[in-house]
Structure formats: structure tokens, C-alpha cells
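Open the model in your viewer and keep the selection tool at hand. The stops below say what to pick and what to look for.

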Amino acid sequence: MTGREIDAVELEVLWNRLISIVNEQAAALMHASFTTVVREAGDLSAGVFDRAGNMLAQAVTGTPGHINTMANCVRHFVKAYPIDTLKSGDSLLTNDPWLGSGHLHDITVVTPVFFRGRGVGWFANTCHAMDIGGRTLGAGARQVYEEGLNIPIMKLFSEGEINRDLIAIVRANVREPDQVVGDLYAQQAGNDVGAVKLLQALEHYDLVDIEGLSTLILDRSEAATREAISEIANGVYEDEVKLDGYDKPLVIRAKVIVEDRSLIVDYTGTSPQVDRGINVVYNYTHAYTTYPLKCAISPHIPNNEGSFRPITVTAPEGCILNAQFPCAVGARHLVGHFLSQPLFGALSQAIPDRVIADGSAGLWNTQLEGIGRTGERFAYIFFSAGGMGARPGDDGISATAFPSGIKGVPAEAIESVSPVIMHRRALIPDSGGAGTFRGGLGQEMVLSVDSDYPALHSCMYDRTRYAPRGFLGGRDGRCGELFLSDGTVLPPKGRYDLQPGQSVTLRIPGGGGYGSPFERDPKRVLEDVVQERLSIEAARDAYGVAITVDFEVDVEETAVLRQKINE
Amino acid sequence: MSEEAYTLAIDIGGTFTDVVLRDHASGILSVAKVLTQSPDPSVSVLKGVKEVLNGVSPGAIVRAVHGTTLVTNALIERRGAKTGLIATAGFRDALEIGREGRYDIYDLFLKLPEPLVERRLRVEVRERLYARGEVMTPLNEDDVVKACEVLREGGVDAVAIAFLHAYVNPDHERRAEEIVRSLMPDVGISVSHRVAAELREFERTSTTVANAYVQPMVEKYLARLEDGLKVLGILAPLHIMLSNGGSCSVQTAVRFPVRLVESGPCGGALAAAHYGNRSGYRQILAFDMGGTTAKAILSENGSFPITTESEVARVYRFKRGSGLPLLVPVLDMIEIGAGGGSIAHASELGLPTVGPQSAGADPGPACYARGGQLPTVTDADLLLGYLNAGYFLGGQMELSVDCAADAVDEFARFTGLDRVRAAQGIHDLVNENMANAARVHAAERGIDLNGYALVATGGAGPVHACGVAMRLGIDRVIVPPAAGVGSAFGLMLAPIAFDYVRSLVSRIAALDREVVNKLYGEMEDEGRALVREAGIDDSEIRVVRTADMRYVGQGHEISVPVPLGKLTESSDGTLQAAFDASYKKLYGRLCEGVPVEAIHWRVTVSGPEPEICDVASVGDAGGQGVEGQREVLFSEGKYGTAVYRRDKLGKGAVLQGPAIVEEVESTTVLPPGWVLHVDDTGNLILIREDA
């Protein structure tokens with residue numbers, strides 16, 4: 001573009017092309033990847049960057065965990081290796097949690113692209129590695145050193161030659177060396193596809209680089225985001241949530257400051273970092289802050305450097321949202337997934353019709369390992385979702401992840417590759433918070449292991465003490481629960497031996513309600529009762545709706561019940 | 001051929017039903033187009049058949065093939081039977097919990113499709129199998145009896161049965177089916193191990209429920225249609241188009257109606273590949289662009305990629321994941337919200353954007369002068385000179401240049417462009433959108449489009465074909481003759497073919513070959529019986545085996561060919577080699593030392609490909625005469641451009657771009673730098689010279 005003008009049509013065409021290219025990049029990567037969460041759950045990101053490392057476009061993939069963490073990450077690469085110091089065929093990587101997306105399992109590979117001998121930009125992607133050594137993914141570590149191998153920014157390829165020393169070190173440190181190294185190749189293959197397609201586009205459109213295009217894309221996106229922010233009344237909006245924490249409760253406190261066309265989020269007042277692996281690095285805090293803001297304020301504006309410019313995120317050093325090296329960070333999502341809640345709580349004071357009530361939020365990660373009946377060792381990890389918060393105008397979605405975009409795994413898939421047995425996976429009636437719009441229902445799972453030996457169950461669960469909150473008069477969703485078949489209640493972030501013949505029940509929380517339950521249309525209350533989502537007792541107690549034994553609304557009694565409540 | 005012989009094809013679309021009769025001796029097609037009547041389209045079919053027969057003896061028809069959107073529409077419009085589900089205790093919510101994900105990560109207000117069975121009609125019974133098929137808890141027959149009571153009281157007309165791991169061991173499902181049949185003799189029953197014997201309880205249950213939901217309606221409709229054809233004297237076997245590009249007997253269609261679900265566009269795809277292959281092109285990107293949407297599918301050597309992860313009745317038509325999932329083999333096709341009626345507007349970023357909203361047929365593009373005010377792709381195409389205002393649909397409809405100009409001016413104003421640039425922008429943007437979708441589609445399947453030829457059909461297809469091709473690096477475009485009935489013609493090309501699948505997760509090195517041999521044996525026996533039922537002789541039956549395999553630890557399987565016959569010890573090496581070859585083709589390199597596992601075992605049993613020789617096409621006569629001349633704007637600039645009528649171009653005619661070729665159904669745009677010739681089959685072959 002350097003050297004010629006780009007009009008509106010051409011800008012739209014080229015922009016769409018960039019988005020198409022990063023989707024091709026992601027497709028190539030997902031196909032070749034070994035890691036189930038990458039393939040099935042889309043736990044990856046892929047993007048294209050200008051010479052200076054500004055993110056121009058990002059693939060539409062499954063989870064916001066990497067959104068913008070990769071954007072910030074690439075700047076560190078550009079600083080360490082300016083593009084003019086690199087050659088065609090070079091490629092870089094790191095998994096440093098403080099440079100990347102917050103834990104060692106996420107590896108970012110960054111590849112410069114050269115056109116006619118000159119560096120024109122970068123392709124980058126972040127992928128969840130199957131293993132990174134250390135104590136396996138979990139919240140239990142006290143320092144990051146225990147969590148696995150940490151690779152500073154360095155070359156993965158030099159002029160097309162793989163860094164053999166690095167590969168040897170990786171192989172010696174991880175549990176599944178073939179697959180982890182295989183994924184590194186897959187990550188490189190994705191970037192290579194992106195590069196080829198970008199060069200074709202430059203040829204097709206007769207461009208020498210993407211610098212001019214970059215300016216236009218970033219400025220447009222910034223302006224559109226500022227426009228969207230300007231629709232929110234100026235003010236300071238505050239909220240806080242309480243979480244179970246590792247062994248003691250945590251507070252996340254958010255102050256959202258809207259000033260004309262910019263927005264500041266300040267997490268001052270949030271609990272300090274802890275000596276277990278649930279700490280969040282700043283990059284990850286930034287990602288899980290900008291993501292829900294985008295959902296509420298500007299869902300249709302593409303994700304790029306420009307659309308982040310109007311938003312500033314601050315968290316004091318040493319608080320759990322800006323945790324400092326060398327603290328442990330493995331299960332940082334257990335805190336990060338909750339950031340949408342104080343943000344939406346604060347924004348509900350300004351734009352109540354564009355935010356949703358608290359949901360179950362943090363995914364419930366279940367890891368079981370041990371020895372199966374045939375004597376083979378197994379380890380299986382899967383993610384499960386509770387109810388989403390109710391929405392202005394609609395009930396919350398049951399058993400569906402938010403803000404994570406990760407998908408669940410079928411019971412049949414779990415059972416066909418491991419001795420884990422899922423005896424039950426069902427929605428929990430009455431678990432959705434009452435409201436004009438009801439919270440999504442949580443789900444119950446009953447698990448055992450078909451073995452003669454005990455199996456180690458690592459729990460990564462939250463909201464067993466503090467329920468997802470209802471908004472604007474909506475009631476809270478039901479808390480999570482965790483107990484054994486003999487009734488023993490378990491701590492939500494512990495590890496213990498599940499005995500042969502024993503089963504464990506997980507009750508994942510329901511979402512909070514939205515608006516007063518006494519405003520809910522009695523017909524919808526009746527429908528919930530008929531469909532066995534709500535008990536007749538709860539209809540009466542929580543909604544003030546009387547339902548007869550013949551499943552009809554008792555209009556008169558309902559009026560009396562609701563009248564009483566109003567008084 | 002001494003005796004008269006004809007094939008009849010009936011294609012029901014949303015607006016029109018096309019009936020085509022093909023005379024085997026001459027290859028001549030007779031066509032009738034009648035309005036589709038709802039709710040009982042068999043009425044319009046019979047009307048069209050009468051019309052097309054026109055003196056031909058009904059007894060001379062040797063095969064009738066039928067394609068219908070009935071099943072798809074019933075699921076979209078929720079017009080199926082009231083359906084109940086009997087599920088394993090603890091799992092009735094599999095249908096509602098789904099995969100716990102959202103199909104759009106930014107939309108807080110997204111809607112998920114309602115399950116086809118309401119929660120109160122999902123009844124649980126005690127029974128449980130292990131993943132390998134052994135019994136953990138025997139079927140509690142009293143529970144099944146009680147379930148029937150609940151469902152009868154609930155007034156259901158159809159029952160689906162889906163138990164965990166029934167794809168490995170169907171005993172419990174079979175026994176439950178017997179009980180339901182004896183207690184509820186009047187309801188249709190669909191059982192998961194027969195409808196979709198694949199691992200993944202949500203998707204399998206969803207498929208089984210959809211099958212049950214549409215079955216009563218399909219059964220009634222096909223019975224009426226068969227009777228009607230018999231009354232007309234047509235006794236030839238009636239075959240029904242399936243979504244895998246094959247066809248089946250009426251009995252099979254009634255048992256597995258969900259297999260008809262995406263069969264609508266299959267005929268068009270088969271026809272496009274056929275036309276391309278006839279001109280000697282083996283790698284085809286079939287591209288169909290109509291009024292509202294564009295569709296694209298890749299074909300190599302006459303076969304199509306098949307996906308078994310399809311969905312139907314999406315909440316948002318172009319949003320992947322927003323529909324009901326179905327484990328049904330379907331042609332792997334993409335649909336894009338880009339057509340002649342696609343509306344240009346300004347995005348939230350203030351940039352010009354086209355689609356997916358469409359002006360449809362009513363009011364239609366502004367140039368139809370039927371009250372449409374918004375600028376569409378057709379309006380832009382008219383202003384750029386691609387379309388002839390006086391020869392749209394062969395002159396049946398006069399287009400208004402003034403109305404198009406007014407609409408585009410309005411759009412130009414708020415996007416800060418002049419009229420010409422705005423029109424060019426709309427044309428370019430829609431081309432870019434379609435090319436991007438095709439490019440990502442190819443990338444997701446590990447396919448490089450280099451060397452492919454684009455076959456353009458649909459009213460707007462040949463107008464945009466070269467623009468799309470250039471963006472994809474494709475330099476061959478084929479425009480087949482008489483694209484208007486391509487879809488119905490394509491039905492005649494569908495062989496009898498049915499797919500089977502069984503799941504068995506196992507490493508290749510530790511394969512229980514006995515079990516796999518048994519699975520293949522069962523599937524093939526079932527398939528042969530079914531193909532025979534459609535009137536195919538045993539000697540003509542073909543069997544193709546594949547397995548879905550991956551490296552242990554990967555989440556994505558690839559399709560690998562499996563040899564016929566019994567698997568023996570030496571087969572392990574064959575399977576590994578076949579996997580290596582397929583993997584290498586897709587990803588370029590192997591992962592040495594990582595074990596390989598198979599997940600699903602598949603069989604396609606089919607009859608012979610119908611022999612369709614040359615369709616009567618163009619004569620040698622006819623000139624090269626220029627019909628007219630007009631100013632046309634290409635991206636290279638404005639050209640005085642010669643305009644031709646297709647029906648006057650004979651075989652061997654050669655045109656140098658820029659040129660326009662008009663016919664009743666469409667207009668072919670040949671940009672500068674391209675050359676066109678008419679080949680022996682009547683196809684227009686467009687070749688980029690400056691590539």
C-alpha cells in the first residue's frame with residue numbers, strides 16, 4: 001500500500017482477505033495438532049501482525065483465553081528480535097507465562113514474513129501444549145519452577161533448520177515428547193500457510209507491504225470502538241466478587257471508569273497473589289478484561305490492536321491479577337474466568353440491557369489418573385461447564401461455558417479411551433437463579449473409575465462457597481457441590497484418592513437470574529415446572545406462582561402471593 | 001437400444017418443482033417447471049410429470065429419481081411428529097447439554113436450537129453398557145413399559161431410542177424397541193444403533209431424534225407419490241436422492257429419512273462435476289450462485305468429499321454450529337450469504353459491506369422496480385454493464401437502470417464513493433467474500449486449489465465466475481449449457497449408494513481383527529440387501545471401505561481406504577501404509593513413532609454409476625456473429641465490449657475477452673485477458689491467458 005491510496009472498497013476487500021488468511025492459518029494448525037483441547041475445543045489463537053508487531057487480524061477460534069495475550073506477546077518478540085535482524089526461514093518461540101498467555105502450557109510461535117527481501121510482518125499462534133513437564137496442569141504448585149519447562153524467547157528455526165538443541169531439551173522434559181514436538185511443527189505449518197497466502201495477496205493486489213493497510217485498519221477499529229464507548233454515560237462504576245480461592249476466599253474488585261471515548265479498568269483492591277498456582281499474569285488479566293468488554297460494548301468490531309487502544313487495564317503489581325515471577329500460575333483460569341463478573345456488575349449500572357448476570361464461569365476441570373483394569377496407566381482431563389447467567393430478555397443458557405469457549409467431551413468418548421465411567425450427566429432442577437429471566441441450569445456429573453486400584457482425582461473447581469449472583473433483582477444461582485458416594489464433602493481444589501467402587505458427584509453451579517422473579521410471566525414459570533426444570537415448591541417460593549396438581553397456573557393464588565411480596 | 005427408454009427426474013425446490021425426462025436414445029431432455037405446492041408437494045410433482053410425458057408411454061420409463069427438501073424444511077419449520085425419547089438413566093439431558101459450547105464467542109444473546117424433544121418427553125430407563133459393549137446394568141424392562149406409558153400419555157407419534165454405547169452392542173436397544181413396538185404399535189420407532197452407529201451420545205441422539213421426528217411425514221408423502229406415479233402408469237423403481245450424493249429405494253428412505261436432509265443441492269453438484277469431467281477436467285470447484293446464496297463444493301475425479309458432521313435448521317443460516325447436529329454423510333459443501341439479491345450496506349466501521357442479508361425475489365433488487373430501494377449485487381452488475389436491461393431472463397423482465405443507479409447512489413453517498421466505484425466495489429466485495437469462503441473451505445480440507453477448474457452455475461454464477469477464479473488463483477472456468485435444470489439433471493447421475501458406520505476405538509497394532517471383520521461383514525450384508533432392494537443385480541454391487549484414523553492423541557481423524565476381504569495379520573502393515581499415505585497427502589509429513597488408532601469403520605455399498613452419455617447439445621452450425629456492443633466496466637477499465645448470444649455460438653467458436661455471452665438463464669462475463677471457446681460438449685471454456 002505504500003505508494004498508493006486505498007479507498008473504502010479496497011480497504012474492506014484487503015481486510016477481509018487478512019481475516020481469511022488467518023483463518024486458513026488456524027485451519028492448517030488445527031488439522032495437524034495433536035492436542036485434543038486444541039482440536040476439539042479450539043484452544044488456540046492465530047494472527048497476523050505488521051512490522052512493528054501490531055496485531056491486524058485474528059482467527060475466529062474457540063476461546064478468548066489467548067485473545068490479546070498473543071497481541072501483547074508479539075511485542076516482546078519484536079523487541080528481542082527486530083524484523084530486520086531476521087532472515088527468511090527463521091522462526092521464534094516462547095512459553096514464558098509473563099510474556100505469553102499466563103501459563104507454561106501455552107507455547108507461542110512467531111514467524112517473520114519476507115517479501116522481495118524485506119520483512120513485511122509476522123504470523124503468530126499460541127497453542128496449548130499437551131504437556132510441559134513439571135507436575136502436570138493444576139493449581140497445586142507453589143512456584144512456577146515446579147510447573148515445567150520455561151523457554152525464553154529463542155529461535156525454533158534458523159533459515160529453515162530446526163533448533164536441535166532446543167528440541168532435545170523439550171523432548172527430555174515432557175511426558176509426550178512426540179506429540180509435543182509434533183505440535184511445534186504444526187504451529188510452524190500454520191504460520192507458513194499464513195505467510196504463503198499473504199505473499200499471494202500482496203502479489204494479487206500489487207502491494208509492497210501492509211504498513212498503510214495496517215494504519216487504516218487500526219485507526220478505523222479504534223474509532224469504532226471509541227464510538228461504541230461514547231454511548232456509555234461517563235462515570236465511575238464499581239463492583240466486586242468473592243471466590244472460593246485455593247484455600248481461602250479471594251476478592252476481585254473492579255472499577256470501570258468511562259471518560260468520553262475511552263475506558264479504564266482498575267483492579268485496585270483485589271486480593272494479593274497467593275502461594276498456589278491460581279495467580280494471573282497481567283497479559284491474561286488484560287485478555288479476560290477486554291473480551292467481556294467487547295461482548296458487551298462492541299461485539300461486531302474486529303479484534304485487533306486498534307480495537308484495544310481505547311481500553312486501559314491496570315492492576316497493582318503483586319495482586320492476584322498482576323502476579324509477579326516466580327509465583328505459580330498453572331490454573332490461572334480459575335481466577336481469570338471470573339473477571340467478566342465484576343465488569344458486568346459494574347457496567348450493569350450504566351448499560352443494564354447489554355450485560356448478563358453471573359454464571360458458573362470458571363470451567364470445572366477434572367483430572368483423573370491411575371491404573372486401569374488392564375494394568376495400563378491412564379490420565380484423563382476434561383472440562384465441564386455450569387449454567388450461564390440470565391440475560392436481559394432471555395433465560396441463561398444451561399450447562400454452557402462462558403467466558404471460556406471450550407467445549408465438553410462426550411461420555412462415550414471419555415469411556416472409550418479411559419477407565420473413567422460417567423454414571424450421570426444431567427441438568428440440575430432449581431439450580432438456575434430465579435428472575436424475570438432465569439439463570440441457566442447447572443449440571444450434575446457422577447464419576448467413578450473402573451479399576452481395582454485407587455485413582456488420583458485432581459479437582460479444579462470454584463463457586464462452591466459463593467454463588468453466582470443475580471442482577472437487578474434476580475436471585476443467585478445455586479452453588480457448586482462436590483462429595484463422595486459415602487457423603488464425604490471434598491475441598492474444591494484438592495487432590496485425593498478415589499477408591500475402587502466409590503463414586504464422586506460434581507454439581508456445577510447454575511447461573512444467576514436477571515430482574516425480579518415476581519415479574520416473570522407465570523406461563524414461563526409453568527413451562528419450567530412442566531419441563532421439570534423447576535419444582536412446584538420453588539415456583540411458589542421463588543417466583544410467587546402457584547401451580548395446581550393439574551399443572552395449571554392458579555391465577556388467583558398467584559396474584560395473592562405476588563401481592564404479599566410487593567407489600 | 002431398440003426399445004424406447006427414459007429416465008425421469010423430479011426435483012422439488014422451495015419455489016419450483018422441476019421435472020425432467022431424458023430420452024436415452026437421443027439424450028434429449030424434456031423439462032416441465034411447475035410451482036411447488038405445500039403442504040403436499042406430491043400434487044405438483046404429478047402435475048409436472050403429466051406435462052413432461054406429453055405422449056411418451058409411461059411404461060417406457062425405466063428409472064425415476066426424486067430429490068426433495070421436505071425433510072430439511074420440516075426440521076427448519078418444526079413441522080414434524082411429536083416425538084419422545086427413551087434414554088439411558090442419567091442421560092436424558094444429553095440432547096440439551098450438547099457440547100457445552102457457544103457457536104459465537106462474542107454474542108451474549110445467542111440462541112441455541114431447541115431440542116426436537118421437550119424435556120418431559122425424554123424418559124430414562126435403567127440399563128448401562130461399558131464402552132466395550134459388556135453389560136454393566138441389564139435393561140430394566142419394567143422401566144421401558146413405564147416409559148411407554150409416559151410417552152403415550154404425552155401423545156407422541158414417534159419414539160426415538162438412544163442408549164449409551166449402543167453402537168457397540170445393540171442388544172438393549174433392540175429389546176427396548178420390541179417392547180415399544182408391542183405396546184405402541186402405531187408409532188414410528190427410530191433406534192440409534194441403526195440410524196447412526198457412531199460414538200458421541202449427543203450427536204447420535206440428535207440424529208436419531210431427527211429421524212423419528214420426520215419419519216411419519218416422509219412415509220405418508222412417499223406413499224402418496226408412489227401411488228400417484230403408479231396411477232399414471234409409471235411402474236419403474238422410484239429412487240430417492242440422499243445427502244451423500246447417492247440414491248436409495250423408497251423403503252430405505254422411509255427407514256432413514258434423516259439421510260435425505262441435505263440432499264437438495266446434491267443434484268446440482270453432481271451435474272457440475274459431470275459437465276466439468278466431460279470437458280476433461282478432473283479437479284473441479286463447483287460454484288453455484290443464485291439470488292440469495294452461493295454454494296461451493298470441491299470434486300476430484302468425479303467424487304466428492306463427504307462430511308459426517310453436518311447440521312440442519314441453523315438458528316443463523318450462515319453460522320456454523322447454530323443448528324441441530326446430525327451424523328449423516330453429506331456432500332461437504334459450503335453455503336455463503338452471497339447472491340444476486342445480496343444487499344450492500346455500511347458496516348459498523350463505516351465500510352462498504354455486502355450481504356448476507358438479501359432482497360430475495362420480492363421486492364428483489366432495486367432494478368426489478370418492484371419497490372426494492374436497497375442496492376444489491378444485481379444492481380451493481382447492471383450498472384457495470386455486465387447485465388443487459390433488455391435481456392434479463394431472456395427479456396421476460398425489463399430491468400430499470402435508473403432504479404439501480406438511485407439505489408447505488410445512496411450507498412455511494414454514505415460510503416464516500418462515486419457511483420461507478422460503488423458499483424465496482426459491490427461487485428468486487430461479493431467476489432472477495434465468496435473467494436475467501438472457498439479458500440478457507442479448501443484449507444480446512446488440506447486442499448490446494450492450484451490446478452482446479454471452476455464450474456459456474458446459477459443465475460449469477462457465470463457473471464462472477466472469472467472474478468472469483470482470479471482471486472483463488474484459478475485460471476480455468478467452465479460454464480455448462482442449460483444450467484437452469486442442472487439440479488434435476490444431476491439426480492439422474494446419482495447411483496444407488498448407502499453408507500454404514502460402526503465405531504470401535506483401537507490402535508492399529510492391537511486391532512481385534514475378528515471384531516472388525518464381523519463389523520464389516522454386518523455392514524456389507526446389510527448394504528447388499530438394501531441395494532438389491534432397489535433393483536440392482538448382485539454382480540453390479542460395489543463396496544468401498546474406509547476407516548477414520550488418527551495418531552493417538554490427535555482429535556481429528558482422516559479418512560483412510562481399507563482393502564476388501566478379511567483382515568489378516570498382514571493387514572496391520574497395509575492399514576499403517578494407507579494411513580501414512582493419506583496423512584502425508586494432507587499434511588506433508590508423518591510423525592514417526594507415534595502409534596495410529598482407528599475410531600470409525602465405514603462402508604459404502606453402491607450400484608453402478610448410471611450411464612449418461614452426451615446430453616444433446618449445441619450444433620456445429622451457428623455463427624460467431626456479434627449480437628451487439630456495449631460499454632462494460634472491468635477492473636482494468638472501461639471497454640467497448642462485444643455481446644454474443646449463447647444459442648448462436650456453435651462448437652469451436654472462439655471469443656477474445658472482453659466479451660459478454662448472454663443466454664436466458666444467465667450471462668457469462670469474459671474479462672480482458674481471458675479467452676473463451678465452445679467445446680464439443682457445448683460447455684463454454686474460459687481460460688486466463690495472462691496468468
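Which residues does B:Phe287 touch, not counting residues up to four places away in sequence? Select B:Phe287 and display its contacts. They are B:Ala294, B:Ala296, B:Leu454, B:Val455, B:Ala456, B:Gly461, B:Ala465 and B:Val468. Bear in mind throughout that this is a predicted model.

**Chain B as a whole**

The C-alpha trace spans about 80 × 65 × 55 Å along the principal axes of chain B. How does the radius of gyration of chain B agree with that of a compact globule? A compact globule of 691 residues would have a value near 26 Å, and chain B has 26 Å, so the two agree. Colour chain B by burial next: buried residues make up 55% of its 691 residues. Then draw the contacts between residues at least 6 apart in sequence. In chain B, 67% of these join residues at least 24 apart.

**Where the chains meet**

Bring chain A back. The contact between the chains takes 57 residues from chain B and 67 residues from chain A. On the chain B side, select helix 3 (94-97), helix 7 (201-231), strand 21 (352-358) and helix 12 (419-444). These are the elements of chain B that give two or more residues to the side touching chain A. Helix 12 of chain B gives the most, with 11 residues. Colour that side of chain B by residue class: 24 residues are nonpolar, 16 polar and 17 charged.

**Chain A as a whole**

Chain A has 14 helices and 19 strands. Its radius of gyration is 25 Å, close to the 24 Å from the globule rule for 567 residues, so chain A is as compact as a globular protein of that length. Along the principal axes, the C-alpha trace of chain A spans about 80 × 60 × 40 Å. Of the 567 residues of chain A, 62% count as buried. Contacts in chain A with a separation of 6 or more come to 74% from residues 24 or more positions apart.

**Domains of chain A**

Colour three ranges of chain A: domain 1 (8-222), domain 2 (356-511) and domain 3 (521-567). Where the two domains touch, 6 residues of domain 2 of chain A are in contact with 8 residues of domain 3 of chain A. The domain 2 side has 3 nonpolar, no polar and 3 charged residues.

**A hairpin in chain A**

Select residues 235-243 of chain A, which form strand 8. Find A:Asp239, then look across to A:Ala254 in strand 9, which stands opposite. The hairpin has 6 residues between its strands, and in it A:Gly245 takes a positive phi near 70°.

**Backbone details**

Most residues other than glycine have a negative phi, and most peptide bonds are trans.

- A:Asp260 counts as exposed because it has 11 C-beta neighbours inside 10 Å.
- Go to A:Arg116, in the loop between strand 4 (106-115) and strand 5 (118-128) of chain A. Phi is near 50° here. A:Arg116 has 9 C-beta neighbours inside 10 Å, so it counts as exposed.
- Look at the peptide bond from A:Phe402 to A:Pro403: it is cis, with omega near 5°. A:Pro403 sits in the loop between strand 13 (377-384) and helix 11 (411-417) of chain A.
- Finish at B:Gly657 and B:Pro658, joined by a cis peptide bond with omega near 5°. B:Pro658 is in the loop between strand 30 (654-656) and strand 31 (659-662) of chain B.

Conventions:
Residues numbered from 1 in each chain as written. Chains lettered and ligands numbered in written order. Predicted model: local features only at pLDDT ≥ 70, side-chain atom pairs only at ≥ 80, totals over all residues. Rg over C-alpha atoms; globule rule 2.2 N^0.38 Å. Buried ≥ 20, exposed ≤ 12 C-beta atoms within 10 Å, placed from the backbone. Contact = placed C-beta atoms within 7 Å. Helix = DSSP H or I, 4+ residues; strand = E, 2+ residues; numbered from the N terminus. Nonpolar A, V, L, I, M, F, W, Y, C, P; charged D, E, K, R; others polar. Pairing = 2+ DSSP bridges. Domains from an automatic or database assignment.
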